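User: I am new to protein models and would like to learn how to read one feature by feature. Could we go through a structure together?

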Amino acid sequence: YTSGQVAVDSLKLYVGTALPTASFSTLLPTKLHLAVSAEQPAAHGFEPHLISFEYTQGVTNIVGNSISPRIAAGAEWTRTIWRWATGLAFNSDEHFSWSIGGGVRLFQQIYLDAALGRLNGIWEGPQLVNAVARMIAVF
């Protein structure tokens, strides 16, 4: 509401006040996620070190969840201190998406990785392109 010409947040009227209300319920976003991967420790040439396949099926049709199935596949290559990865995904909501990433081993078990997700958003627009950077320690 407005007090004169100044807008006032109406929720501030109830700060410190308990109001009785009827009970309510809401569904939680529920998904079934199945994945399988295969690792090949001694990959040579252009053979990937790791391949993976995923299937995701939303169970509840609520905000923040989709009941459209999503399929995805990805591969990772590890050579000396370098790592590269790429993946493809498809569902009827977001259609096709492509991700790439890479990293470097800084020390014995410490890696620095970076990735771009939904790269196809650059030329398909208007879509969000995700960027992620992480440092991980593997023990």
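This is a predicted model: local features need pLDDT of at least 70, side-chain atom pairs count only at pLDDT 80 or more; totals for chains, interfaces and linings use all residues.

Analyst: We shall take strands, salt bridges, a surface patch and backbone angles in turn.

User: How many bridges join strand E3 to strand E4?

Analyst: Helices (H or I, at least four residues) and strands (E, at least two) are DSSP runs numbered from the N terminus, and two strands pair if DSSP finds at least two bridges between them. Here strand E3, residues 31–39, is joined to strand E4, residues 50–58, by nine bridges, and the two run antiparallel. Within this pairing, glutamate 39 stands opposite leucine 50 of E4. E4 also pairs with E5, again antiparallel, through seven bridges, and there serine 52 has glycine 74 in E5 as its bridge partner.

User: What is a salt bridge, and how many does a search of the whole structure find?

Analyst: Side chains of opposite charge can pair when their charged atoms come close. The rule used here asks for a side-chain nitrogen of Lys or Arg within 4 Å of a carboxyl oxygen of Asp or Glu, and a search of the whole structure finds two such salt bridges. In one of them aspartate 113 pairs with arginine 83, with the closest N and O atoms 2.7 Å apart. Because aspartate 113 lies in strand E8 and arginine 83 in strand E6, this pair ties together parts that are 30 residues apart in sequence. Aspartate 113 also meets arginine 134 in a salt bridge, at 3.2 Å from N to O. Arginine 134 belongs to strand E9 (residues 130–137) and aspartate 113 to strand E8, so this pair links parts 21 residues apart in sequence. Through shared partners, the salt bridges join Arg83, Asp113 and Arg134 into one network.

User: Are arginine 83 and aspartate 113 buried or exposed?

Analyst: Relative accessible area decides this: buried means under 20%, exposed means over 50%, and partly exposed lies in between, using a 1.4 Å probe and protein chains only. Arginine 83 counts as buried because its relative accessible area is 15%, and aspartate 113 is buried too, at 9%. Arginine 134, by contrast, is partly exposed at 43%.

User: Which residues is arginine 83 in contact with, leaving aside its neighbours within four places in sequence?

Analyst: Contact means heavy atoms within 4.5 Å. With those neighbours left aside, the contacts of arginine 83 include Trp77, Tyr111, Asp113, Arg134 and Ile136, as well as Gly101, Gly102 and Gly103.

User: Which residues form the nonpolar patch on the surface?

Analyst: Patches are made of residues with over 30% relative accessible area and no salt bridge, where like charges are joined within 9 Å and nonpolar side chains (Val, Leu, Ile, Met, Phe, Trp, Tyr) within 5 Å. Accessible areas come from the Shrake-Rupley method with a 1.4 Å probe, and for residues only the protein chains shown count as cover. In this model Leu32, Leu34, Tyr55, Val59, Ile71, Leu88, Phe90 and Phe96 form a nonpolar patch with about 730 Å² of accessible area together. The elements that give two or more residues to this patch are E3 and E6. Isoleucine 71, which is found in strand E5, counts as partly exposed because its relative accessibility is 49%.

User: Where is threonine 80, and what is its phi?

Analyst: Most residues other than glycine have a negative phi. Threonine 80 has a positive phi, near 45°, although this residue is not a glycine. Threonine 80 sits in the loop between strand E5 (70–79) and strand E6 (82–91), and it counts as exposed at 68% relative accessibility. Arginine 118 likewise has a positive phi, of about 55°, without being a glycine. Its place is in the loop between strand E8 (110–117) and helix H1 (121–124), and arginine 118 is partly exposed, with a relative accessible area of 28%.

Notes:
Residues are numbered from 1 along each chain as its sequence is written. Side-chain values use heavy atoms; hydrogens and water are left out.
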